[in-house]
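Trainee: Could you take a close look at the sheet for me, and at what sits around it?

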Amino acid sequence: MATYKIALMGGDGTGPEVLREGVKVLEAAARRCGFSLDTASFDFGGDRYLATGEILPDSAIEDFRQFDAIYLGAIGHPEVKPGILEKGILLKARFELDQYINLRPVKLYPGVETPIKDKGPEDIDFVVVRENSAGLYTGFGGVQRKGTPHEVAVQSMVYSRNEVDRCLKFAFDYARKRNKDKTLTLCGKTNVLTYVYDLWERAFHAMGEKEYPDIKREYAHVDATTMWMVKNPEWFDVIVTGNMFGDIVTDLGAMVQGGMGIAAGGNINPEGVSMFEPIGGSAPKYTGLNVINPLACIFAGQMLLDHLGESEAALLVEKACVAVITSDDFPGMSAREIKEGGWSTTQIGDRVAEAVASA
Ligand code: IPM
Ligand code: MN
């Protein structure tokens, strides 16, 4: 029987609560599909930082390398200045473990409400492949004459051909494996960022022509992409883009698919250790209230299973979520916080776990 080593990092605010439900569902899937999980918890986050000054030590990164995957709740603490934990934990893990892909499915499930009029699950089903380790996020740059009227600040969008190529390769492979419309759309800004996105565009066509003749290539500027994501989301199959644009369009994607209560993502190193997370944040004011929708975290768990190669288990979890969302007694909610009369965090987790067990 296969055993997978999973590092659990609940993180801040409501992160540990949603992760608990995610783990419950993974355990149910493991029992059902005949594999097991060997989990270890790590308490990095705002509380630990405030108590000890420690954010995410290098030794933890070394520990993470021993795992098959990392399952993360959320990072962000109201008493810690913004940026410290995000950079010190989330971005450090992404960079140090070279998780160079941020994979973000944008899929509207039946029973979930989208704010887009007249669009349903048959229209909203695409995936964003965001480059996750470079671009504007490298921190290249600096500031001079800080605090004076002459202050100058620079932060550069830096990409090497290698970084672009490995991301494109993942995206082309993904479009092929996904086998939906076999279309990959490069989202860029070639009309203004004439160095960086020119590099992306040349690399995109060179690779596509040579190695992926079966995949149709499209190009869209990032501003137009946001427009089409709302107006004609059915046009997209797989979108590939740089780090900053990817950050922005994936939040739009989260809203299009029904909100932060649903949206999940994977930080993927195809050759190393990957990390899966709900993308809704830590929602600190709801901590301990058992009112945060755990579905996003459960969907992150589904991605984790898929990544481990347990595709049957992943499919089971997805189907169980849909069964719960569309069940007659489900009070309905697509938002991150469960509203008055809705089911609690625990209840939703229990129901999905039961649906997995009885599938
Ligand atoms: C995300 C988040 C992070 C990012 C922040 C918290 C650093 O917004 O995962 O999309 O910008 O990548
Ligand atoms: Mn973001």
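Mentor: Here is a walk through the sheet, then a helix, then the cysteines. This is a predicted model, where local features need pLDDT of at least 70, side-chain atom pairs count only at pLDDT 80 or more, and totals for chains, interfaces and linings use all residues. Residues are numbered from 1 along each chain as its sequence is written, chains are lettered from A and ligands numbered from 1 in the order in which they are written, and side-chain values use heavy atoms, leaving out hydrogens and water.

Okay, the sheet: it's open, with ten strands in the order β2-β1-β3-β12-β11-β4-β5-β10-β8-β9 and mixed pairing. Strands here are DSSP runs of E, at least two residues, and helices are runs of H or I, at least four, both numbered from the N terminus; two strands pair if DSSP finds at least two bridges between them. At the edges you'll find β2 (36-42) and β9 (216-221), each pairing on one side only. On average, neighbouring strands are turned by 25° against each other, direction ignored; axes are lines fitted to C-alpha atoms, for helices over the stretch in contact, and angles run from 0 to 180 degrees between N-to-C directions.

Zoom in on β9: strand β8 (residues 183-188) pairs with β9 in the parallel sense over six bridges, and Leu 184 stands opposite Arg 217 in β9.

Helix α4 (residues 84-96) lies across several strands, including β1 (3-11) and β12 (274-278), running at about 145° to β12; contact means heavy atoms within 4.5 Å.

As for disulfides (cysteine sulfur pairs within 2.5 Å), the count is zero. Cys 33 has its closest cysteine sulfur in Cys 321, 14 Å away, too far for a bond.
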